[in-house]
Amino acid sequence: MGIAVSKYSDIASNELVAKFCSKEVICPNDPFWNQLLSFNIQIPTNADEQLMFDSSAESLLQKFLQNNPQTGNFGSLVQVFITRATELLAAPNSDNVMLAWQSYNALFVVRAVAKYLVELVPEYEVCKHLDVQAAVAPPLDQSRPSSPPETEQRSNESRVEMLIDALIGLIIDVPVTDNTYYLHMECINTLLVLMSVYMFSGVHGQSKLVETSLIYRTLFQGRYSMHASTLVKTLLTNLCQMKPAPPQFGDTGPGSMLINIASSLWSILTFAPTARQTIYTCTPLDRTELMSRLKLEHSVANQSCLLLLALANHCINDDNMYRTALLQCEDTAETSTKETNGSVTQSTAPRIDMAALHKALCCTAGCEHSTLLLYLMLHSCKAYKKHVSQVPDIENLIVPILQVLYNAPESNSHHIYMSLIVLLILTEDDALIKNVHLIMLKNLPWYTERSISEISLGGLMVLVVVRALQYNMARVRDKYLHTNCLAAIANMSCEFRNLHPYVSQRLISLFETLTKRRTRLCSEIEGDSIGLPHHISVCDVEKTEEIIEHIAVLDEVLRMLLEIINSCLTHQLVNNLNLVYALLHKKQLFQQHQHLHIAQNIEMVIGYFSTRLQRVQEGAGGDLGVNEVLQCIKKGAEQWSSDRLKKFPDLKFRYVEEDRPEEFFTPYVWALISVCGNIYWASECGTRAAGELLA
């Protein structure tokens with residue numbers, strides 16, 4: 001490495017790296033570290049680059065694995081990083097570019113080695129590698145003062161604890177600037193690598209219970225209770241600010257370190273920082289571009305979101321101070337204080353600009369990890385949910401979620417499921433389900449199924465959710481998915497207003513399709529039962545049971561659709577002439593369901609309007625056109641009284657999180673870190689661990 005810009009292919013032949021991995025003991029204050037850490041290297045930005053990096057370093061890391069138990073060089077490197085971090089935190093100017101660069105380089109090597117260890121050995125061996133201390137007299141580094149006492153390893157404290165202390169200290173106390181941007185990213189990535197012992201525990205034959213982990217005990221027990229709120233606030237602020245990534249050291253070739261320093265000083269003197277585009281100022285065209293740009297151009301925001309999810313979704317049933325801090329966040333726009341025992345006290349909950357957070361979540365809602373954070377905030381953070389209920393432009397949040405559902409074949413089932421739950425939670429808000437039918441949308445280029453020049457947001461929600469339901473019933477057949485689809489539509493049904501003709505048509509068309517499918521399946525079973533042979537195979541029995549189960553699911557869905565249509569007719573018939581038109585067009589369809597009480601109301605509506613149409617048609621002496629039929633329906637609706645319908649309870653569904661949510665969310669978060677993060681597991685162990693997460 002040295003001073004020159006390094007290529008991955010240079011690593012295997014680098015003498016300094018070879019010395020670090022050799023049998024030679026290198027103590028923390030050896031001048032060697034100044035040489036080793038004076039490098040510029042491009043961090044891997046995808047799995048292929050990570051594979052190249054891993055391949056180049058593999059032989060040296062194998063030697064390191066053999067030699068470090070005797071040399072303790074990894075612990076010495078960590079000590080060097082802690083010394084640099086302490087100096088940076090103590091410096092009058094925490095934007096010190098040289099200290100930031102050296103700390104970043106040290107941490108880059110720490111992360112690379114830690115990642116290699118985590119993939120290959122159990123956590124207790126990783127901790128052993130960190131804590132090894134070679135009994136050799138250290139040579140003094142004449143070019144640097146000796147390490148301050150507070151950075152020396154304390155006899156009763158593991159280097160894991162000291163490393164985590166330093167990482168969290170830098171994240172919280174050092175501002176994110178161009179000079180410290182990549183240091184922040186490395187701090188977050190190193191914490192994620194250390195926490196990934198959970199992800200690899202199965203590969204190493206260990207239980208995934210975090211109670212046995214030193215790393216998790218360090219993070220989740222009392223020592224960080226004072227810092228949890230500040231760390232959560234810092235990570236959320238990183239996400240809100242969405243700062244664009246500056247060029248990496250080494251982007252401009254040899255000597256770029258000096259160029260970066262000179263550019264930094266010039267910016268300070270001229271007060272003219274270079275403006276860079278962000279996903280706020282230059283909107284990505286699709287979700288693929290959004291994810292790519294978020295990872296590369298806003299890596300600190302991206303990784304902050306992932307670390308926040310990792311911290312908040314472990315030990316959910318225990319007293320998780322990070323989760324508590326996240327869910328108790330308060331809005332900086334709210335000036336009120338809390339009262340306790342009659343006295344006014346300042347809340348210790350993080351105070352966040354909810355408008356900025358909402359903007360960030362709206363902008364990135366198409367990304368799976370942002371959807372998960374959005375779910376967590378909507379489900380459990382009162383301050384954020386209150387803010388969402390008051391924003392006038394709710395379409396900025398809902399439309400990206402609808403795009404995920406519209407592209408269901410290209411999305412994994414977990415992303416679809418979380419997106420539906422987000423919609424379900426939103427539809428629990430009475431004011432929102434009224435408002436969405438007043439917001440008109442034009443020109444939706446992503447909706448390619450049919451050209452729609454204008455549609456209400458509420459109509460679009462129904463249209464897309466019906467499409468997702470139809471896709472699920474035809475292919476996936478996931479009960480939870482169709483239950484959430486129906487619940488979201490049901491919550492909105494009492495406020496359906498002026499549904500687009502195409503939306504009304506698709507709603508009734510779905511009912512027709514499922515009715516025909518049920519009839520076909522019933523005929524199939526009846527046909528099989530008539531021609532039953534004396535000997536029935538196991539396959540025939542299993543097939544029949546599967547058909548019967550599918551019929552039961554269809555019955556449930558059809559009943560819910562009838563309840564949705566009934567709810568709309570009961571509360572908003574006069575405002576939904578297009579739905580009445582669609583009902584009349586398919587009136588024979590509902591005769592098959594007359595045995596259901598809920599269908600009798602619909603039959604009454606169909607009978608009332610059919611009679612009026614027949615009289616008008618007879619008076620006109622011929623068939624009526626579409627506009628004439630709608631006019632007839634409009635006049636009939638003005639005279640219609642919903643009192644004649646049988647009363648049913650209003651449809652209101654609320655999402656309830658299942659017991660032991662960590663069984664789903666914890667592995668899901670690590671699957672997202674593997675896919676959406678800037679840490680790439682290119683090894684065979686990494687691939688296996690990622691594959692086991694959601695198995």
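**Ground rules.** I number residues from 1 along each chain as its sequence is written, and side-chain values use heavy atoms, with hydrogens and water left out. Since the model is predicted, local features need pLDDT of at least 70 and side-chain atom pairs count only at pLDDT 80 or more, while totals for chains, interfaces and linings use all residues.

**Salt bridges.** I searched the whole structure and got 21 salt bridges, each being a side-chain nitrogen of Lys or Arg within 4 Å of a carboxyl oxygen of Asp or Glu. Side chains of opposite charge can pair when their charged atoms come close.

I looked up E297 and R293, whose closest N and O atoms are 3.2 Å apart. Both sit in helix α13 (residues 287-297), four residues apart, so about one helical turn separates them. My helices are DSSP runs of H or I, at least four residues, and strands are runs of E, at least two, numbered from the N terminus. R293 is buried at 9% relative accessible area, and E297 is partly exposed at 30%. For me, buried is under 20% relative accessible area, exposed is over 50%, and partly exposed is in between (1.4 Å probe, protein chains only).

Next I checked D430 with K652, a salt bridge with its closest N and O atoms 2.9 Å apart. This pair links distant parts of the chain, 222 residues apart: D430 is in helix α21 (residues 430-435), and K652 is in the loop between α28 (626-639) and α29 (662-676). D430 is partly exposed at 44%, and K652 is partly exposed at 41%.

K586 and E512 also form a salt bridge, at 3.2 Å between the closest N and O atoms. K586 is partly exposed at 27%, whereas E512 is buried at 17%.

I also noted a network of salt bridges linking D54, K115 and E119.

**Cysteines.** A disulfide is a covalent bond between the sulfur atoms of two cysteines. I called one when a pair of cysteine sulfur atoms came within 2.5 Å, and the count was zero. For C240, the nearest cysteine sulfur is that of C329, 9.3 Å away; C240 is buried at 12%. The C363 sulfur is 8.5 Å from its closest cysteine sulfur, in C362, so that is too far for a bond. C363 is partly exposed at 21%.

**Helix α27.** I took the expected span as 1.5 Å times one less than the number of residues. The 24 residues of α27 should span 34 Å, and the end C-alpha atoms are 35 Å apart, which agrees. Its buried residues include I598, A599, I602, V605, Y608 and F609. G621 follows α27 with a positive phi, near 75°.

**R517.** What about a buried arginine with no salt bridge? R517 is in helix α24, and its nearest side chain of opposite charge, E524, is 10 Å away. I count Lys and Arg as positive and Asp and Glu as negative, leaving out His and the chain ends. A polar atom of the R517 side chain does lie 3.3 Å from the backbone oxygen of M473. Setting aside neighbours within four places in sequence, I find R517 in contact (heavy atoms within 4.5 Å) with M473, A474, H550 and L554.

Terms used. Polar contact = N/O pair within 3.5 Å; in protein donor to acceptor, adjacent residues only side chain to side chain.
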